[in-house]
Amino acid sequence: MVKIGIKVRRERLNRGLCSCKQLSICPILYPIVKTNHPNRPNLASAQHGFVGKGILVFLLMAAVALTVVAFVFGVIVPPGSIGVRLVSFGPSQGFADRGLKPGYHWRIPWYSDIYVVPQTLTVLNFNSAPDAADGDKGGSTPLEIPTADRATVRVDLSVISRIFSEPGTDDGRVHGGPADLLKIAGLSAASWQNRIRRAAEDALRKTLGTLSTAEFYNPTEREQQITEAGKLMNAALNPMGIEIDGVLLRRYTYEDVIEKAIFGKNLQELERELAQKEGEFAKAEAEVKQAAAQGDAKITTLQVDGDNRVLVLR
């Protein structure tokens, strides 16, 4: 019976009456199909194609799964930043003192997390112009300094700061690191900037407030007080891992009444200096004329003496 069935199927194959579905059901006939009728379907190529597509689908699914796992269980610390690991519970609960270098780092959701802290310079601006461009951070609010003579000076300045990469000492000053920043100042960059702003306002008002209105015109005294303000800011911010690299005073303006008074006073001083210079010039001109007259008189005297000697010789 088997031989008769194979013979019947061979005849149907030679006539092209056996379908691919029937061939797949009867694997015994595959060698016959492979060597006989020229219009037969190529089952080997079809099977290889199905295997290749399956491998491709598997690789795509594996890539998607790895991407999801990497996104859920990892954080990328970008260049110019440092990562700080926070453990929510357990023996290592809290922020890790050792920072994480730029790169990919694993985490466990609900158990640990990684916060990114920038290591680049940050600029906090105090601007008096309402439409002033905000360089990095800050706003268009000037810093008002009450002077020693009870006037008000509005200053435009920039406070440049950075965050230490780890706790330690710098020029004999003990400072914190990124973990101290997150513990003390908070988890957001806005809270860090608020700390810097408050420290800058307190220090600059304390130091520049010792100057009088007229002393603001003296750059030496002004820079001395700004340097002292930078020291006070570092004393307040270093424990939380923030360092002040510089304070740049860009402009300062007085109240309108004081501006007019200063302009009037400066105008009077300029007029007085002008009158003094004019008097000195007139005095010098008179001395020149006197010297010229004396020179002319000496020349005349010499001419007369010469003439008289000529007469005596004759």
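What does the accessible surface of the chain come to, and what share of it belongs to carbon and sulfur atoms? The accessible surface is about 20900 Å², with 60% belonging to carbon and sulfur atoms (Shrake-Rupley method, 1.4 Å probe; for residues, only the protein chains shown count as cover). This is a predicted model, in which local features need pLDDT of at least 70 and side-chain atom pairs count only at pLDDT 80 or more, while totals for chains, interfaces and linings use all residues. Residues are numbered from 1 along each chain as its sequence is written, and side-chain values use heavy atoms, leaving out hydrogens and water.

**Chain overview**
- The chain has 8 helices and 12 strands (DSSP runs numbered from the N terminus: helices H or I, at least four residues; strands E, at least two).
- Of its 314 residues, 27% count as buried (under 20% relative accessible area; exposed is over 50%, partly exposed in between; 1.4 Å probe, protein chains only).
- Among contacts (heavy atoms within 4.5 Å) between residues at least 6 apart in sequence, 64% join residues at least 24 apart.

**Aromatic pairs**
- There are 3 aromatic pairs (ring centres of Phe, Tyr and Trp, its six-membered ring, within 6.5 Å; planes under 30 degrees apart are stacked, over 60 edge-to-face, the rest tilted).
- Phe 216 and Tyr 252 form a tilted pair because their ring planes lie at 50°, with centres 5.7 Å apart.
- Phe 216 sits in the loop between α6 (189-208) and α7 (219-237), and Tyr 252, 36 residues apart from it, in strand β12 (residues 242-254).
- Phe 216 is buried at 0% relative accessible area, whereas Tyr 252 is partly exposed at 22%.

**Glu 166**
- Glu 166 lies in the loop between β9 (152-163) and β10 (168-170) and is exposed, at 52% relative accessibility.
- Leaving aside residues up to four places away in sequence, Glu 166 touches His 175, Gly 176, Gly 177 and Pro 178.
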